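Please read each point with the structure open.

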Amino acid sequence: MPSGNVCAPQDGYSIPVEVSIGSELAAGGRLFVGVVRDISEQKRTEAELRLPLTGLLNRRAFNDEASRLTGLTLRHQRSLGVLVLDVDHFKRVNDTHGHAVGDEVLRQLARTVSGELRDTDLLARLGGEEFCVLMPETGSDGLKRLANRLLEAVRAMVVRLPDVSLQITVSIGGANLRDPPDTFKQALLRADEALYTAKGEGRNRVLIHGEA
Ligand SMILES: Nc1nc2c(ncn2[C@@H]2O[C@H](COP(=O)(O)OP(=O)(O)OP(=O)(O)O)[C@@H](O)[C@H]2O)c(=O)[nH]1
C-alpha cells in the first residue's frame, strides 16, 4: 500500500500516512474513493523496536520474538537454528578509517546478510559488531549451509566509499535448539561458544557447536 508523509496545512506538522484508493462504476461515471490513514503510532512502535544504524531488531524486540519462536518450535517438535556472526578485527576498521566508515560497513553488512535470508528468518544486532540470525524450520545441515553462504556473501562484499574500498570477513558460530528443557538462551550460549572457538582458530570461518 502506498505510504508517505502529509503536512497538516494549519500548523505545517507532518505525519506519516498510508493511502488506499478504490474505484467503482456509478451512475453517470466512475466513482473514486480514497482513504488516508494516520500511521504515526505504527511508525513509533517500529522505531522503538529497531536500531537506527542498521534498521535491525534491537535486543529486546529480538528476545521477545525469539521466545515466541522457541515456544512454537518446541511445542510442534520442529527445528530452529541460531547463528551468531561477528566482524573480524572490526576495531582496526574504526582505527584505520574512522567510526563513520565503520558505521557504513555495519550498514552494508546488515543489508548483505538480510539479502541471504528467508522472509521467515530473523536478523538482529545484538550489540557492537555482533549479529544474530534465527532460522525456523532449519536443522543442522541447513544451518551449516546458510552459515557458509553468509560467510561467502560477506567475503564477496566490497564496501565502496569515496576515499576507500574495503572488504571484511566474519566469524560465525551456530547451534540448533535441542529438545526441552533446552531454551533459546542456552542455544544462543552454545552458538556464542562456537563463535569464540572460531575466533580462536583464526577467524573468517564457520563453527557449529558440537562439530569438530
Ligand atoms: N563504527 C562503529 N563501531 C562500533 C560500533 N559498535 C561497536 N563498535 C566497535 O567495534 C569494535 C569491536 O572491537 P573488538 O571487540 O576488539 O573486536 P574486533 O576488533 O572485531 O576483534 P575480533 O572480534 O576479535 O576479531 C570496537 O572498536 C568498538 O568501538 C558501532 O556502532 N559503530
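1. Contact here means heavy atoms within 4.5 Å. Leaving aside neighbours within four places in sequence, D182 is in contact with L74, N176, L177, A187 and R190. The residue sits in the loop between β9 (170–176) and α6 (184–200); helices (H or I, at least four residues) and strands (E, at least two) are DSSP runs, numbered from the N terminus.

2. The model is predicted: local features need pLDDT of at least 70 and side-chain atom pairs count only at pLDDT 80 or more, whereas totals for chains, interfaces and linings use all residues. Residues are numbered from 1 along each chain as its sequence is written, and side-chain values use heavy atoms, with hydrogens and water left out.

3. Is D182 buried or exposed? D182 counts as buried because its relative accessibility is 8%; buried means under 20% relative accessible area, exposed over 50%, and partly exposed in between (1.4 Å probe, protein chains only). The side chain of D182 also makes a polar contact, at 2.7 Å, with the side chain of R190. A polar contact is a pair of N or O atoms within 3.5 Å; within protein, one must be able to donate a hydrogen and the other to accept it, and residues adjacent in sequence count only if both atoms are side-chain atoms.

4. The C-alpha atoms of G210 and R190 are separated by 8.7 Å, the two residues being 20 apart along the chain. G210 is exposed, with a relative accessible area of 75%.

5. The ligand is surrounded by 17 residues, of which H89, F90, D103, R125 and R203 are the closest; a residue is near a molecule if one of its heavy atoms lies within 4 Å of it. A polar side-chain atom of D103 lies 2.7 Å from a ligand nitrogen atom. Ligand oxygen atoms lie 2.8 Å from a backbone N or O atom of H89 and 3.0 Å from a polar side-chain atom of E129.

6. Which elements give two or more residues to the shell around the ligand? They are β4 (80–87), α3 (90–97) and α4 (99–116). The largest share, four residues, comes from α4.

7. The domain assignment gives domain 1 (3–41) and domain 2 (51–208), with bounds from an automatic or database domain assignment. Taken over C-alpha atoms, the centres of domain 1 and domain 2 are separated by 40 Å.
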